Amino acid sequence: VLEACLPVLLREGSAFKVASTTAQLSFLENAAARSQAGKFLTVYPEDDAQAVRLAQALEEATQGLPGPRILSDRPLRPGSLVHYRYGSFDNNVVLYDDLGQVVPALRAPDGSLVPDRRSPWFDPPPWAQDPFEAAGLVERPPLHGQGPLGTRYQAFQALNQRSKGGIYLVKDEESGHIRVLKEARAHTQVDAYGRDARDRLRHEYALLKEWEGTPWPPKAYDLFEQEDNLYLVEEHLPFPTLRKYISDRFLEGRPLSSEELERIVEALLALLKGVHSQGLLLRDLTPQNVLLGPEGELKLIDWELAYPWKGEKKEPPFPGHTPGYASPQQVRGEPPAPTDDLYSFGGLLFFLITGRDPLFLGEPDTCPRRALRVVELIAPTLSSRWKEALEGCLQPDPRHRPPSVDLLEEFLKGGPYA
């Protein structure tokens with residue numbers, strides 16, 4: 001895209017900025033504000049006439065090249081890489097909101113400052129004139145895309161929204177049931193192999209179908225494409241996450257009793273032992289991804305990072321991790337191993353005991369020692385065996401972690417740590 005656009009921009013002498021490294025590009029795609037995620041190159045034309053010339057020339061130069069939809073901007077036409085919005089050119093023009101936070105600002109025709117809204121939809125101020133529409137460059141998409149979303153599946157609540165796509169509650173008009181809908185936006189979360197969020201969702205759907213009938217995953221009902229995005233429809237499990245359950249308990253001043261802790265840990269170890277025995281590594285065992293049912297049963301959601309590591313050669317694992325719960329090896333992108341899940345279990349055990357995420361424990365070398373100090377303050381009566389298991393799982397060197405779930409389970413029941 002940059003190679004295609006540079007000649008146009010240099011010929012016009014227009015100001016622009018561009019992500020200069022792949023690390024910056026990855027941040028803009030995955031970690032920036034959802035409304036502007038994927039905005040790789042921004043052009044600042046001198047006036048409306050140059051803006052129209054540049055838009056037309058850049059549209060011609062980038063025909064057929066892939067790229068994400070920028071939610072805050074309007075594309076010139078469906079599928080175009082060229083987007084536009086009305087916004088501030090000067091980062092020094094700001095105002096303060098009611099909370100005292102600095103907000104980018106625009107100067108209205110009457111001279112007053114108003115917020116430069118960067119919504120996840122095209123939202124120009126009412127006075128803005130659209131030179132691209134006036135020039136006849138804008139081709140509007142159909143009002144309603146063709147597909148199940150909006151017809152069979154009616155969304156009524158957003159559970160999570162990120163640059164790669166959202167997670168919604170929908171009503172399935174065909175069955176009458178409430179389902180969960182996961183969205184994967186085209187050309188977002190692209191990895192070094194050219195795979196994007198849609199490939200991750202296809203991977204998750206395949207695993208959910210493969211593991212259907214086992215106690216842990218939700219059922220997968222449908223997978224469909226609409227307007228270049230991919231959607232997965234899965235079972236709605238109305239259970240709290242471990243994060244919510246434990247956080248609520250600590251807010252109420254009721255941390256887990258030793259009996260409750262043992263029951264949850266026993267179920268977690270059974271889950272881990274079951275998936276490992278079938279050659280699957282979870283790679284994202286966190287309190288957000290484990291649901292706690294009314295009878296103490298556990299359900300596992302968000303399987304996109306899971307990796308079948310045994311048997312025939314597989315595709316490379318998808319990169320990604322949850323800070324505080326991922327081993328140093330997974331963070332560095334090393335080949336997956338069962339000890340990665342044991343590290344995640346250590347982080348989850350710390351959360352169950354303390355109600356706190358292990359992210360604040362610092363560098364991997366100091367993490368086990370600091371974890372023990374926090375546990376001794378919050379749960380001074382915890383047995384030394386549980387403390388030793390926690391310290392062992394959080395070791396930065398995988399050779400010093402428990403070698404398997406079976407041996408960790410035996411150790412917590414009184415066996416040797418080996």
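Visitor: How many bridges join strand β8 to strand β9?

Guide: This is a predicted model, in which local features need pLDDT of at least 70 and side-chain atom pairs count only at pLDDT 80 or more, while totals for chains, interfaces and linings use all residues. Residues are numbered from 1 along each chain as its sequence is written, and side-chain values use heavy atoms, leaving out hydrogens and water. Strands are DSSP runs (E, at least two residues), as helices are (H or I, at least four), numbered from the N terminus, and two strands pair if DSSP finds at least two bridges between them. Strands β8 (residues 153-162) and β9 (residues 165-172) run antiparallel, and the bridges joining them number eight.

Visitor: Which residue in β9 is the bridge partner of Ala155?

Guide: A hairpin leads from β8 to β9 through two residues. Across this pairing, Ala155 has as its bridge partner in β9 Val170.

Visitor: Is α1 roughly parallel or roughly antiparallel to α3?

Guide: Helix α1 (residues 2-12) packs with helix α3 (residues 48-61) at about 155 degrees, their axes 9 Å apart. Axes are lines fitted to C-alpha atoms over the stretch in contact, and angles run from 0 to 180 degrees between N-to-C directions. Angles under 35 degrees count as roughly parallel, over 145 as roughly antiparallel, 65 to 115 as roughly perpendicular and the rest as oblique. The arrangement of α1 relative to α3 is therefore roughly antiparallel.

Visitor: Is Pro323 buried, partly exposed or exposed?

Guide: Pro323 lies in the loop between β16 (307-308) and α8 (328-331). Buried means under 20% relative accessible area and exposed over 50%, with partly exposed in between (1.4 Å probe, protein chains only). Because its relative accessible area is 45%, Pro323 is partly exposed.
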